[in-house]
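This report is meant to be read with the sequence and the coordinates side by side.

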Amino acid sequence: FPAVHKISLSFGIAALLGLLILQLPQGGSYILGINPSTGRVPSPEVRKQLDLPPGRVGAIGLRETAAYMKDGEGYLKERVEMHGPVFKTGLFFRPTVMVGSKAAVRDFLPVEPSVSESSLPPSFVQLHTPYSALNQKGDQLKATRAVYSEILGKEALLSYWPQIRANMVQSVEDGLAASSNGDNIMTPIRDGVLGLYFQLWMGLNVNDRNKKLFTDFNAGLLSPMPINLPWTAFGKAMRARETICAETKALIESHIRDGKNQGFDLFTKVLSQARDESGKPWSTHRMSIVSLLFVWGAYEETAAVITNTLRLLSLHPEYVPKIRKELEEFAPNGVGEASLKDLASMSFLRACVKEGIRLIPPSGGGMRVTTQDIELAGYRIPKGWVVTADPRIANKQEDIFGTDIDSYNPERFIQKRFTSNEFFPGGIGSHACPGIEMSELVSMTYLASFMENFSSWEQTAGTSLAWSYIPFQVMTNFQVNLKRRTDP
């Protein structure tokens, strides 16, 4: 959302505050934790030999943060070329280590739940509330994730399927109308995905008012200072959250009484049975917050995956016949009549989606603060530093994906099953995104319907792509000329 870029307006003040809150590691000896690769505590002699990763932190990381905010993908590419896939930097006023090598991610996976805490900006933390899994750890996080697994489990996906199929088929038709008018196809894709998630997890139909409220909420997440005043981005975000949650809370209470165990009713049924780490039932206020956060965490990234994959397939039409062959085999009567099992059986279409995510990942990794000194891939990471395992680094490692890392090649996901420390589009460890399968399913459904209906979708001559990078990397302008398969 463009409004997010208001972060620059108060950056100077935020920098001064950063000087006050910065937690740089203190001098003295380091006590290294257990190396998960060896299961042993390194000896004092070994400790002295361990160095910090290469890179530059700076006094408060202002320059590094500005470069990262401007173009995260380009920033990472440049730093990896200079320092390798494990490097130190300074981001958001904290010394940070970014990792993407197989060895470093392997080392971080087993210790992440026990030696790290959230490192999100204060505005983000407040807007997400303590009910957000991103702000939780330990037993509290474990209890929340158990509820999420039911909301996104196999039974839930089966219940959601009729709505997913109907919404995505309609979104494809809306894209044709947009293309005929010379409009941006990203708009109906984003609206279709947002509308789907609103219906499934909020019980609301999306409209211009709701979209504006969601825009305001999203725009306040990275506010430099969480000042709750009517004219600040943070204040607008707080009011947007309160408005959306008040409406959703009323609907949740109604559906809990009269639920029919399908779609939004299934969602509310699971929430009504949810228990926290102490065994206490969730309040309907907490349910409404989780409802909002589910939509927030899903719709922009899903829309980005769909659009990125469409563009990549337009540049590599040699893969389209394989998708259509799967459609003939598993959906002979059309996507509108296909079952969830039919769609899930399209392995090459899934590979096309995964390769799109690998080549153009919508987001980076979660940022966690270490609560003790750890060792990753032979480097010393001091207590109080931020560590983030970033898929944008891992996705470009030749030892994982081969020498053609900059090429779109879905076959690599047919030929090999990648491990969780090689391909992790939703992050790693206890805070990995639980909705990756749901996002892939929605993306595949849209793409299957699109391939069923259109023979070509070339970018409109004279137009250019546009992108938004904060908080997700999303294509904001993609104008195409659509040609139906039935057209002469």
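Predicted model: local features only at pLDDT ≥ 70, side-chain atom pairs only at ≥ 80, totals over all residues.

**The chain as a whole**

Of the 488 residues in the chain, 53% are buried. The accessible surface comes to about 21100 Å², and carbon and sulfur atoms account for 53% of that area. When contacts between residues at least 6 apart in sequence are considered, 73% of them join residues at least 24 apart.

**Helix α16**

Helix α16 covers residues 347-359, and its 13 residues reach 18 Å from the first C-alpha to the last, which is close to the 18 Å expected at 1.5 Å a residue. Because ten of those 13 residues are buried, α16 is largely enclosed by the rest of the structure.

**Salt bridges**

Glu355 and Arg358 are also members of a network of salt bridges, in which they are linked with Asp404 and Arg412. Within this group, the side chains of Arg412 and Asp404 meet at 3.1 Å, N to O. Arg412 counts as buried because its relative accessibility is 5%, whereas Asp404, with a relative accessible area of 28%, is partly exposed.

| Salt bridge | Distance, N to O |
|---|---|
| Glu173 and Arg484 | 3.0 Å |
| Arg412 and Asp404 | 3.1 Å |
| Glu422 and Lys416 | 3.7 Å |

The side chains of Glu173 and Arg484 meet in a salt bridge, and this pair links distant parts of the chain, since Glu173 lies in helix α8 (residues 154-180) and Arg484 in strand β11 (residues 480-484), 311 residues apart. Glu173 is partly exposed at 32% relative accessibility, and Arg484 is partly exposed with a relative accessible area of 21%. In the pair of Glu422 and Lys416, Glu422 counts as buried at 5% relative accessibility, while Lys416 is partly exposed, with a relative accessible area of 35%.

**Cysteines**

How many disulfides does a search of the whole structure find? The search finds zero. Cys433, by contrast, counts as partly exposed at 34% relative accessibility.

**A nonpolar surface patch**

Which residues form a nonpolar patch on the surface? They are Ile227, Leu229 and Trp231, which together have about 320 Å² of accessible area. Ile227 is placed in the loop between α10 (208-219) and α11 (233-258). With a relative accessibility of 37%, Ile227 counts as partly exposed, because that class runs between under 20% for buried and over 50% for exposed residues.

Conventions: Residues numbered from 1 in each chain as written. Heavy atoms only, no water. Patch = residues over 30% accessible without salt bridge, like charges linked within 9 Å, V, L, I, M, F, W, Y side chains within 5 Å. Areas by Shrake-Rupley, 256 points an atom, 1.4 Å probe, with all protein chains shown as cover. Salt bridge = Lys/Arg side-chain N within 4 Å of Asp/Glu carboxyl O. Helix = DSSP H or I, 4+ residues; strand = E, 2+ residues; numbered from the N terminus. Buried < 20%, exposed > 50% of the residue type's maximum accessible area, 1.4 Å probe, protein only. Contact = heavy atoms within 4.5 Å. Expected span 1.5 Å × (residues − 1). Disulfide = S-S within 2.5 Å.
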